[in-house]
Amino acid sequence: MRWLRILSLRFRAALRRPHVEREMEAELAEHLECEAEELMARGVPPAEARQRARATLGRMDAIQEECRDSRGTAGWEQLKQDVFFGVRLLLKNRTFSAMALATMALGIGSTTAVFSLIDGVLIRPLPFTSPDRLFHAGDIEMRGVFDTLRANSRSADYAAHLGVRAFNTAGRDWPERVKGIEVSANFFRVLGARPLLGRTFAEGEDGPGKSRVVVLSYAFWLQRFAVRRDAIGKQLALDETAYEIIGVMPPGFTYPVAAANFWVPMQLDPRDIGEYWGSGGLSVFARLRDGVQPETAQAELRAWISQIRRMFPWPMPDAWGVEAGLTGLRDHLVAGAKVRSLLLLGVVALVLLIAIVNVANLMIGQTAARQRELALRASLGATPGRLARQLLTEAVVLAAAGGLLGTLLAFGQLALLKHLLPADTPRLAEVAIDARILLFAAAVSLGSGLLFGLWPAWKMRAQRTLTALEGSHSTLGGRGLRTDAVLVMTEAAFATILLVGACLLLHSLWAMLQVDPGFRVESVVTAELSPSRAASASLEKTVALFEQVRVKLAAHPGVMNAAAMNVLPLTPEMSVFTAAIEDHPRPPQEPQIPLWYTAVTPEHLDALGIHLLQGRRFTEADRQGAQPVALIDRATAHRYWPEENPIGKRLRPVSNKEWLTIVGVVDDVKNYSITGPPSWVEGEVYVPMAQAIAPPQAISLIARLGGDSGSFQKRLPKMVQEVCASCAVGKVARMETVVAAAVEAPRSMAWLVGGFALLALGLAAAGIYGVVSHGVVRRTRELGVRLALGASRGRVAWLVIGSSLGYALVGTVAGLAASWALARWIGTLLYGVPEHDPVSFSIAPVALVAVAILASLVPMCRALSIDPAKSLREG
Amino acid sequence: MSKPTALLQGTLFLLILKILELEPRTGWAISQRLRQMSNETLQASHGSLYPALHKLEHEGWIRGEWKESPTGRPAKFYSLTPAGRRQLRLEAANWTRLSAAVNGILESV
């Protein structure tokens with residue numbers, strides 16, 4: 001209980017100070033009274049008695065001060081004093097404060113904004129019950145595999161969803177495309193997500209019975225039903241099929257993508273062998289049952305995979321599924337964003353370090369200017385420790401103010417960051433500044449305050465106060481390197497690292513923009529068209545409909561060519577089929593050859609300006625029932641028939657009996673992404689739309705225009721409606737936009753890192769400027785003597801610029817060495833640029849040295865204007 | 001500002017605790033008792049009595065309470081806490097050991 005009492009006394013002493021003070025005075029007064037009474041009782045006259053009583057006690061104020069000391073509140077009091085003094089000092093030295101605060105605010109703001117991003121994307125657990133029990137099951141893409149696992153696993157509860165699917169639904173003027181997700185019936189239960197209204201799917205609703213039920217997202221409910229509760233039970237037409245609305249999810253639930261408007265049960269029908277065993281695209285995840293370790297669940301999964309391999313209606317390669325395994329669901333979701341996020345964190349950490357170094361340097365300069373004040377305090381009895389504490393407190397006050405400003409700045413920076421980052425960055429919507437982030441900002445501010453306060457404080461402890469009082473100007477820094485010089489070199493090194501990184505990313509972006517996509521981008525307008533189910537009941541009907549639309553567009557004045565294709569180039573949508581290639585047989589137990597698949601109308605080559613290198617193009621005669629034909633690209637021709645003529649060779653989709661004959665070779669086009677399709681795709685094939693291997697659900701229209709595309713873009717949906725009222729039209733855009741979207745991720749990264757590098761360069765310039773100009777002030781006398789002794793102005797100018805160059809060069813060399821070692825981390829983000837790219841590794845140091853010279857110009861002019869006589873007199 | 005040396009301060013603490021062992025007293029009463037007990041030798045340390053009292057109170061060894069004093073005015077009475085009693089035993093033992101050791105040295109030289 002003693003500690004409790006002590007604690008309460010301490011608090012009382014600290015918080016109820018006036019009261020405690022009054023008590024102390026009363027106590028001492030009582031003592032004097034008693035003492036005087038005692039003396040008077042011995043016959044001393046009252047006046048003298050009082051005086052003597054007072055004398056026995058000694059100096060009252062000293063006693064009171066000592067009492068305060070022993071109450072343990074002295075530290076508290078001093079802290080308060082130091083804080084007030086620090087604030088006053090900040091208000092007095094406006095330039096210093098403004099520079100230091102701005103630097104701190106930028107550093108802390110950037111760090112906080114990026115940290116909140118990292119926190120939201122990488123660190124924060126998924127918003128589900130016990131998210132650490134959720135795992136992604138990799139390499140299980142078929143419904144049959146999932147269904148078998150779900151029915152048999154004893155260690156985990158398996159659930160699944162398909163990728164985003166667009167459905168046609170009634171819009172205001174004409175049909176619209178809305179994105180929904182097909183999920184297994186236990187999807188919500190396994191995630192542990194409860195509906196806001198109504199219910200989620202019941203077990204079995206994904207079975208062969210075809211339950212037409214839909215669960216809405218909050219946003220979609222808000223947009224389509226204005227949050228009316230009676231939406232439950234209503235019908236929603238999706239692809240002309242009525243779905244009953246059975247539930248609405250709460251606002252935060254948008255799994256697996258933010259764009260999910262609703263969820264419908266997927267179809268798990270073992271009788272539909274092609275879909276059940278043949279079509280992939282399933283994302284499978286699992287919740288471990290209570291007490292089950294991930295290793296156990298993974299072992300069970302592997303055991304099942306080898307059994308399921310034999311359950312396929314056709315022989316599966318031995319290698320199928322051997323990679324299947326469990327990874328944490330969150331790690332799986334954000335895997336793509338991890339490198340970028342961590343790179344950004346590293347970048348802002350460097351910016352923050354530069355900011356800290358800068359402020360430390362400012363503080364050192366400031367302390368030097370306060371040498372006399374501090375010496376005076378020391379000679380009046382302040383211990384070095386006391387002075388160091390004062391300086392440290394001032395630094396923390398500065399950091400706190402900077403942190404406050406920085407946090408405000410962070411809100412703006414985060415908004416900018418979210419705007420700049422690609423919209424498909426996982427969990428981006430969840431990112432926000434909350435109490436934890438604010439705590440982080442506070443901790444970083446305090447930490448930086450201690451860091452940049454420690455240098456001057458530590459210097460203060462070592463300081464010989466006497467010399468400072470005498471006011472002697474120290475002459476030359478002949479003895480080793482000064483702290484500020486070392487700091488500014490460090491700063492230059494950090495800035496070099498950032499510059500190299502930014503140059504690498506920008507160079508890589510430039511290389512991407514130089515990539516020839518293989519087609520003519522200019523004056524092409526594209527749009528996505530999806531016919532209703534009725535209108536696309538058969539391939540023949542669909543192709544006829546597309547032809548009508550195409551002819552309608554082609555008839556529009558200014559349109560030179562119009563064509564249709566299933567997937568646009570440079571668009572991240574998978575379009576792959578597995579094929580057997582003549583002359584290149586593979587044993588049946590091995591995987592067959594995955595080929596990129598593009599279905600096109602004959603005008604496609606002209607509309608996109610793709611060169612035909614060999615053979616013939618598709619014609620109207622390549623229709624259903626005619627001999628199946630195909631075009632391949634140059635790389636594919638080279639890969640399979642390097643010495644032979646590919647024309648006349650054949651390939652066969654594994655799902656078909658008929659062989660396709662290759663009739664022509666076209667130039668390479670960048671499909672899927674700027675780096676082409678994923679590396680496991682072993683070739684690229686075009687087939688006529690009329691002979692499409694699978695009937696396309698949606699197609700992309702492409703029109704090459706002779707002139708202005710603006711009015712055409714506006715009229716396009718209307719024109720389509722005139723031909724096909726049930727067709728939904730979306731994604732009307734110029735081809736340039738499609739191409740730009742393909743480099744969005746690297747572009748945003750390059751701009752972000754570039755921006756931070758520029759910030760770092762600016763801070764480094766400010767740092768160099770500060771140290772060099774401080775050096776000129778410090779060496780005024782020395783420079784004056786040199787000038788008086790006949791040193792040329794050029795020599796003096798060189799002294800100033802040389803010191804600046806020295807800092808920059810030492811920093812740059814260190815920075816380059818560090819960058820060389822760090823470059824492999826950024827390597828995976830680079831395209832067409834080696835990680836030790838000579839261009840980036842030379843531009844960065846040149847930029848830094850140039851900035852260092854610029855930063856020393858003003859101090860140089862000041863040095864040149866020194867009047868020797870005056871400086872000697874004043875010295 | 002001359003603070004009492006550690007030894008002196010420690011001694012003062014010990015004496016205060018000893019004086020309070022019998023009954024609660026006001027600061028003035030303690031000072032009177034000190035004077036009597038030490039035959040006026042310790043009068044010089046009056047100035048450090050109150051800081052010492054506050055220190056002891058904050059260590060939790062003594063407790064201060066405002067009560068009416070024999071003079072009729074309210075005064076702060078200090079009394080020993082159980083922790084203070086333990087501290088007194090400890091310090092008394094320490095003192096005995098220390099003074100014995102010092103005496104031993106003085107006598108042997």
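A crossing counts as left-handed if the near helix is turned anticlockwise from the far one by less than a right angle, and as right-handed if clockwise. This is a predicted model, where local features need pLDDT of at least 70, side-chain atom pairs count only at pLDDT 80 or more, and totals for chains, interfaces and linings use all residues. Residues are numbered from 1 along each chain as its sequence is written, with chains lettered from A and ligands numbered from 1 in the order written.

**View 1. Helices H17 and H23 of chain A cross left-handed.** Their axes (lines fitted to C-alpha atoms over the stretch in contact) come within 8 Å and cross at roughly 155 degrees, for H17 (residues 483–514) and H23 (residues 744–778) of chain A. That makes H17(A) roughly antiparallel to H23(A), a label for angles over 145 degrees.

View 2. Where pLDDT is low, the predicted coordinates should not be read in detail.

**View 3. A cis peptide bond links A:Tyr255 to A:Pro256.** Its omega is near -5 degrees. A:Pro256 lies in the loop between S7 (241–248) and S8 (262–265) of chain A, strands being DSSP runs of E, at least two residues, and helices runs of H or I, at least four, numbered from the N terminus.

Conventions
Axes are lines fitted to C-alpha atoms, for helices over the stretch in contact, and angles run from 0 to 180 degrees between N-to-C directions. Angles under 35 degrees count as roughly parallel, over 145 as roughly antiparallel, 65 to 115 as roughly perpendicular and the rest as oblique.
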